[in-house]
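I opened a new notebook page for this structure today. Here is what I looked up, in the order I went through it.

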Amino acid sequence: MSIMTELANRDRVFNFLTPTDSPVDVRHGPILYLEDVTVSFDGFRAINDLNLTIDDGELRCIIGPNGAGKTTMMDIITGKTAPDTGSVWFGSRHNLLTMSEPEIASLGIGRKFQKPSVFEALTVFENLELAMATDKRVFPTLTATMKPEYRDRIGEVLETIGLKDLMHRPAGILSHGQKQWLEIGMLLMQRPRLLLVDEPVAGMTEQEMERTAELLTSLAGKQSVVVVEHDMGFVRSIARKVTVLHQGSVLAEGTMDQVSNDPEVIKVYLGEEA
Ligand SMILES: Nc1ncnc2c1ncn2[C@@H]1O[C@H](COP(=O)(O)OP(=O)(O)O)[C@@H](O)[C@H]1O
Ligand SMILES: [Mg+2]
């Protein structure tokens, strides 16, 4: 695939992430707030009266069996799917249901899809550079020279994702796990306030999973992180507060020990794996 084609695809994935001047207001409450959200597909309620709040800086894990509505929930938060009823707020100022997908992204909500989509032909450094290139304040054009502070930002992100030693290697040589970290790094270039991460450790080795746990844990506090994940061992290793989704609503919420000892949860989800 030519670089230009890849670039066009990339733009679609990143939805023209351009930070805006209207910061999220979390002085009086959570960073993300979903109330009584319902969405049906052909009469089937994929999300059913869902209530969820995420605090600023929180790392939240969302678990639940296949078809529980986890990905649909992320589609609603990011503006990809419009719910039939309910409210979705980003801080106390931004009603996400009145906003388009690119507008929501530009507020600082970054989404990491399951499949990594880095530019294999470009170096790790160039991939991070490009992730900023959609921000017109940084690059008036793609070929413009980068300001030193953005070079520093790339250095910081390389440190965070642990790919400093590989910064001049083409992304194509990276392992599956390293590509996932690079993609998280590309989201971090935009300094998101909320990161949504869908099944980050699918296909990873044990060692890569451990490193991903460290990475996601290190991001919390600086930004809010919502991780949807199937792998229970992984969730246990990073979990603070866990939400169990089932048939489109919250079945249980609490620490990993609380939810994994909940009889309802054992019945619908953990029981599956036992
Ligand atoms: N665009 C859609 N059209 C029809 N059904 C959908 C659509 N998106 C999701 N669904 C259905 O909604 C349910 C929840 O799906 P999903 O959110 O992908 O669950 P999860 O991510 O928890 O596995 C599933 O039964 C799925 O088939
Ligand atoms: Mg899913």
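**Entry 1: the model.** I note at the start that this is a predicted model.

**Entry 2: around the ligand.** Which helix gives the most to the shell?

**Entry 3: helix α2.** That made me curious about α2 itself. Is the helix mostly covered or mostly open? I see that 7 of its 8 residues are buried, namely Lys70, Thr72, Met73, Met74, Asp75, Ile76 and Ile77. Following α2 comes Gly79, and I wrote down its positive phi, near 85 degrees.

**Entry 4: the core.** Next I looked up the largest nonpolar core, which has 72 residues. Ile77 and Leu182 have the most contacts inside this core. Its largest share comes from helix α6 (residues 176–188), with 6 residues. I then traced Ile77: leaving aside neighbours within four places in sequence, it contacts Leu32, Val88, Leu96, Ile109 and Leu196.

**Entry 5: the four-stranded sheet.** I followed an open sheet of 4 strands, in the order β2-β1-β4-β5, and its pairing is antiparallel. β2 (44–54) and β5 (94–95) stand at the edges with a single partner strand each, so one side of each has no neighbour in the sheet. Between β4 (residues 85–90) and β5 I noted 2 bridges in the antiparallel sense, and Phe90 stands opposite His94 in β5. Helix α2 packs on this sheet, touching β1 (32–41), β2 and β4, and its direction makes about 65 degrees with that of β2.

**Entry 6: the six-stranded sheet.** The other sheet I looked up is open too, with 6 strands in the order β6-β7-β8-β3-β9-β10 and mixed pairing. Its edge strands, β6 (109–112) and β10 (249–254), pair on one side only. On average, neighbouring strands here are turned by 20 degrees against each other, direction ignored. I checked β3 (residues 59–63) and β9 (residues 241–246), which pair in the parallel sense over 4 bridges; Cys61 stands opposite Val242 in β9. Here α2 turns up again: it packs on the sheet and touches β3, β6, β7 (194–198), β8 (224–228) and β9. The direction of α2 makes about 150 degrees with that of β7.

Notes: Residues numbered from 1 in each chain as written. Chains lettered and ligands numbered in written order. Predicted model: local features only at pLDDT ≥ 70, side-chain atom pairs only at ≥ 80, totals over all residues. Core = buried A, V, L, I, M, F, W, Y, C linked by C-beta atoms within 7 Å. Buried ≥ 20, exposed ≤ 12 C-beta atoms within 10 Å, placed from the backbone. Contact = placed C-beta atoms within 7 Å. Pairing = 2+ DSSP bridges. Axes fitted to C-alpha atoms, helices over the stretch in contact; angles between N-to-C directions.
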